[in-house]
Amino acid sequence: MSEKLSIVLFSGTVDKLMAASILATGAAAMGKDVNLFLTFWGLMGFRKDDWKTNQKMSADFAEYAQMAGEAMVQHKVPSWRQTLEEAMEVGNVNIYACGMTMDLFGLKLEHLEPIVKDIIGVAGFVSMAEDGQTLFI
Amino acid sequence: MQNVTIAKESDARGSFCPGPLMELIRMIKGGTVGEVYAIISSDEGSKKDVPAWIAKAGHEFLGSEPFEGATRFLVRKAK
C-alpha cells in the first residue's frame, strides 16, 4: 500500500469538499501522509469563514441539492471543515494553497482558514505527491 | 467476549462514516495499554473499517457482535 495520498481539490461545492475531507480522514486514520492542494474553487472554499455559509452543490446534480442539504442537517453530519480538523488530529495532513490561484484572486495566506499551512506552486505539489497516490476532486 | 472487562464504551449510533471510527480512535488514543474499549456503530461501513484500522494501528481486535440493530466492536489497546 502506498504510504501517501495527495488530493488536488479543485471543486468548492460542499458535496465534493465533503468527499475530499472524508477521504483525507480515512487515509490519515490508516496511517498515510495526506497532502491537500487547493486550487481554483477548492481554494475559494477555504477562504476564512466561507464554509459557514457555503451551501453550493455540484450543478450536475442540482435536482438533489436541497434534499442532500436537508439530509445533512437532519442527520447532524459534521461539516467538511470539522471532518478535516479531525483528519489533522489523527494523522499527518498538510493543506497547501495554489500560488497561481492566490495571485489570480488577490488572496494572501491570512485570508484563508488557519488550517492552510502554506502557499506552493504546481511543481512543489508534484514533488510532494511523488511516489504516492494522487486524486483530482 | 462476555468475560472481558470494558474500560470504556462509546455509543456512536447515528453518526455517519467516518464518525464512529474517529470516535474509536479518540478513545484508544486517550486510553491505557492493555485495556479493552468498545464502540457501537450503526454505520455499515464500520464492519470493514474498524477491523482494518485496528490491524493497521497495531491493536488487538477482540471481535464484534450485533447490538440493538447496530454492531458493537471490542478492541484491546496494544501499544
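## Contacts and the model

Two residues are in contact if their C-beta atoms, placed from the backbone, lie within 7 Å. Keep that rule handy: among contacts in chain A between residues at least 6 apart in sequence, 79% join residues at least 24 apart.

This is a predicted model, where local features need pLDDT of at least 70 and side-chain atom pairs count only at pLDDT 80 or more, while totals for chains, interfaces and linings use all residues. Residues are numbered from 1 along each chain as its sequence is written, and chains are lettered from A and ligands numbered from 1 in the order in which they are written.

## How chain A is built

Chain A has six helices and five strands. Both kinds are DSSP runs numbered from the N terminus: helices are H or I with at least four residues, strands are E with at least two.

## Overall size

The C-alpha trace of chain A spans about 40 × 35 × 25 Å along its principal axes. Of its 137 residues, 35% count as buried, that is, with 20 or more other C-beta atoms (placed from the backbone) within 10 Å of their own.

## Where chain A meets chain B

Here 10 residues of chain A are in contact with eight residues of chain B. On the chain A side, α1 (14-29) and α4 (80-90) each supply at least two residues, and the largest share, four residues, comes from α1(A).

Methods. Buried ≥ 20, exposed ≤ 12 C-beta atoms within 10 Å, placed from the backbone.
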